[in-house]
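Subject: Handing over the structure

Dear colleague,

I am passing the structure on to you with this email, and below it I set out what was found in it. Please keep the 3D view open while you read, so that you can look up each residue as it is named.

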Amino acid sequence: MLDLRDVSSFTDTLIICSGNNTRQVQAISDEIQQQLKSRGDLPNSVEGYTYAEWILMDYGDYVINIFTDKTRAYYDLER
């Protein structure tokens, strides 16, 4: 979890996690969406679900990135 409040105008928090394969990445995304929906939070957009190498879930104040391990290493967002 990265606090971007002082460096970004598009979101306050960037959440980065990964799964071992595309099916697990989709399962993580499904669970996050289900849990947040139960709290009344709906995403502004979800991208990348079909191929699931990188799923981006935009909830406005927080953006969730779910990667496969290989894709996460390649983009290295934590850098």
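A salt bridge, as the term is used here, is a side-chain nitrogen of Lys or Arg within 4 Å of a carboxyl oxygen of Asp or Glu. Please bear in mind throughout that this is a predicted model. With that definition, a search of the whole structure finds three salt bridges, and I take them one by one.

Arg39 pairs with Asp41, and the closest N and O atoms of this salt bridge are 3.3 Å apart. Residues count as buried under 20% relative accessible area, as exposed over 50%, and as partly exposed in between. Arg39, at 62% relative accessibility, is therefore exposed, whereas Asp41, with a relative accessible area of 23%, is partly exposed.

Another salt bridge joins Asp76 to Arg79, where the closest N and O atoms are 3.3 Å apart. Asp76 is partly exposed because its relative accessibility is 31%, while Arg79, with a relative accessible area of 76%, is exposed.

The remaining salt bridge is formed by Glu78 and Arg72, with the closest N and O atoms 2.4 Å apart. Arg72 has a relative accessibility of 24%, so it counts as partly exposed, and Glu78 is partly exposed too, with a relative accessible area of 36%. Glu78 lies in the segment after helix 2, and its side chain makes a polar contact with the side chain of Arg72 at 2.4 Å. If residues up to four places away in sequence are not counted, Glu78 touches Ile16 and Arg72. For a sense of distance, Glu78 and Asp61 are 17 residues apart in sequence, and in space they are 18 Å apart from C-alpha to C-alpha.

Next come the aromatic rings. A search of the whole structure finds four aromatic pairs. In one of them, the rings of Trp54 and Tyr75 have their centres 4.8 Å apart and their planes at 50°, so this pair is tilted. Trp54 lies in strand 4 (residues 54–58) and Tyr75 in helix 2 (residues 69–75), so the pair ties together parts that are 21 residues apart in sequence. Both partners are partly exposed, Trp54 because its relative accessibility is 27% and Tyr75 because its relative accessibility is 38%.

In another pair, the rings of Tyr59 and Tyr62 have their centres 5.3 Å apart, and their planes are at 10°, so this pair is stacked. Tyr59 and Tyr62 are both buried.

Ring pairs also link Trp54, Phe67, Tyr74 and Tyr75 into a cluster. Leu77 lies in the segment after helix 2, and its relative accessibility of 31% is why it counts as partly exposed.

Finally, I would like you to look at helix 1, which runs over residues 22–38 and contains Gln26. Is Gln26 buried or exposed? Its relative accessibility is 14%, so Gln26 counts as buried. Which backbone oxygen does the side chain of Gln26 reach? The answer is the backbone oxygen of Tyr49, which the side chain of Gln26 reaches at 2.8 Å. Not counting residues up to four places away in sequence, Gln26 touches Tyr49, Thr50, Ala52 and Ile55.

Ser29 also has its place in helix 1, and at 0% relative accessibility it counts as buried. Leaving aside its neighbours within four places in sequence, Ser29 is in contact with Tyr49, Ile55, Met57 and Ile66.

Notes: Residues numbered from 1 in each chain as written. Predicted model: local features only at pLDDT ≥ 70, side-chain atom pairs only at ≥ 80, totals over all residues. Heavy atoms only, no water. Buried < 20%, exposed > 50% of the residue type's maximum accessible area, 1.4 Å probe, protein only. Phe/Tyr/Trp six-rings, centres within 6.5 Å; stacked < 30°, edge-to-face > 60°. Helix = DSSP H or I, 4+ residues; strand = E, 2+ residues; numbered from the N terminus. Polar contact = N/O pair within 3.5 Å; in protein donor to acceptor, adjacent residues only side chain to side chain. Contact = heavy atoms within 4.5 Å.
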